[in-house]
Amino acid sequence: MSQAFDVVVIGGGPGGYIAAIRAAQLGFKVACAESNSYDDPKGEPRLGGTCLNVGCIPSKALLASSEEFEKINHHAADHGIKVGAVSIDSKKMIARKDDIVTKMTGGIQYLFRKNKITLLKGHASFEGKGADGYQIKIDGKDKETVTAKNVIIATGSKARHLPGITVDNVLICDNEGALKFDSAPKKLGVIGAGVIGLELGSVWRRLGAEVTVLEAMPSFLAACDVGIAKEAQKLFAKQGLSINTGVKIGDVKADKKGVVVNYTDSAGKAAKLECDRLIVSVGRVPNTDKLGLDKIGLKVDERGFIPIDDHTCATAAPGVYAVGDVVRGPMLAHKAEDEGVLVAEVIAGQKPHIDYNCIPWVIYTDPEIAWVGKTEQALKEAGVAYKAGQFPFAANGRALGMGRADGFIKVLADAKTDEILGVHIIGANASDLIAEAAVAMEFKAAAEDIARICHAHPSLSEVMREAALATDSRALNM
Ligand code: NAI
């Protein structure tokens, strides 16, 4: 007889494994199917999805290693520290990253055992629906069909590739290949100045690559607050990243000598980029094919996303939910996690809620960029009367002590009610500092609330308070 579950989660990434844990906490009998083994030496499916295996976690490990290298190489002298010749052992750096990934994926297996979640090893797809619930075929080393009263689709996304550009993950790479270069290329080309392009471009630039980024949009970091994007472009250019916006990519050739990208620049002139390796980071597409969605009457939209109810993540098939990168909204691990928790609680009859306006965004460049809520340009477009307060890290003692004076925090608040509408940071530790803004916005705080809260001195968090004070033209240290 086939195994029967209350909840089967398809996909073991941040959306899926968190949904499985929350559902198990709520007393359901839960299974989670995963087929991707990534680079597992035994070919066993690995939990954690793109984020843990070939995304957020490994890229942050490499960012940290390359930051240390850059600090020792270029900033130790500012502190009076003398160092001799510094070199990087890229193989060791990659091995350290792989160790972190292995530890983390093993951690999720432990959590599954602790929460009595069954791991179904193989590709899961719908076969149909019977009296006992949905029938799901698991296609792995062992083949079986399980039944589930509820199903959560959390199959994530894959890198979007450009027509005519073959990604071999050696010379022309997406996020997967770009995380395992055995040495820094002399010349690195990047197509797409988005999150992945900038983060991985930064890693290899710090380790010695000459990096050229080709971006189709006329403006840089169009999703960011325009003031932050301008500051970022200035700082990245100073670091040596060459960023070309408004380009049109033509044909791309790769051979033993390297890669040649023909493109048209923003002035319409034909141009050529010769590089040793190329990263293609032009967005991601949802993994919604081969799921047998048609067998349960579900259709994807024109971009491959599964339509859902905005509040509950329920699909048109009763008892089937979808979360994370396969549905609308930002392709962010923490958004997927929150939707995973939400769906488990919806299945349990609870009434959870996600405020999508309060989801923070982070780009892990140096300095980091982070924001939550509306940008200044979005408020202008919507005709919202707002006030802006900005404060630079250069006027903060802790930032100076750390040698991290670049950047600023901008707080945007409603002109009448003072409610915080958006907070934008470019500067050291922005990924952590943004949490205060997300909490404040979830509680519908006013800029005055942040301004009245005691912030430890000396700390980078004082910049947030000063920016909040600046919305009322009363920053104290400027
Ligand atoms: P992205 O959407 O961040 O950026 C893609 C960039 O490529 C855009 O600027 C776009 O205008 C440009 N582009 C598109 N087509 C192009 C073309 N033909 N020629 C030149 N440029 C072109 O996508 P990215 O960087 O690939 O990241 C994928 C996803 O992964 C994103 O949704 C992101 O949210 C997520 N991610 C998040 C991270 C974080 O939260 N720190 C880190 C890495 C990825």
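How many strands form the open sheet, and in what order? There are 5, arranged β8-β15-β9-β10-β11 with parallel pairing. Keep in mind that this is a predicted model, where local features need pLDDT of at least 70, side-chain atom pairs count only at pLDDT 80 or more, and totals for chains, interfaces and linings use all residues. Residues are numbered from 1 along each chain as its sequence is written, and side-chain values use heavy atoms, with hydrogens and water left out.

**The sheet**
- Strands here are DSSP E runs of at least two residues, helices are H or I runs of at least four, and both are numbered from the N terminus.
- β8 (172-173) and β11 (242-244) sit at the edges with a single partner strand each, so one side of each has no neighbour in the sheet.
- β9 (residues 187-191) and β10 (residues 210-214) run parallel, joined by 5 bridges; strands pair if DSSP finds at least two bridges between them.
- Ile-191 has Leu-214 of β10 as its bridge partner.

**Helix α6 and Arg-205**
- α6 (residues 195-206) lies across β9, β10, β11 and β15 (277-280), at about 175° to β9; angles run from 0 to 180 degrees between N-to-C directions, with axes fitted to C-alpha atoms, for helices over the stretch in contact.
- Arg-205 is found in α6 and is buried, at 12% relative accessible area (buried means under 20%, with a 1.4 Å probe and protein chains only).
- Leaving out residues up to four places away in sequence, Arg-205 touches Glu-70, Val-211, Gln-239, Gly-240 and Leu-241 (contact means heavy atoms within 4.5 Å).

**Helices α3 and α4**
- The axes of α3 (residues 56-75) and α4 (residues 90-114) come within 9 Å and cross at roughly 145°.
- Residues making this contact include Ile-57 and Leu-62 of α3, and Ile-100 and Met-104 of α4.

Notes:
Buried < 20%, exposed > 50% of the residue type's maximum accessible area, 1.4 Å probe, protein only.
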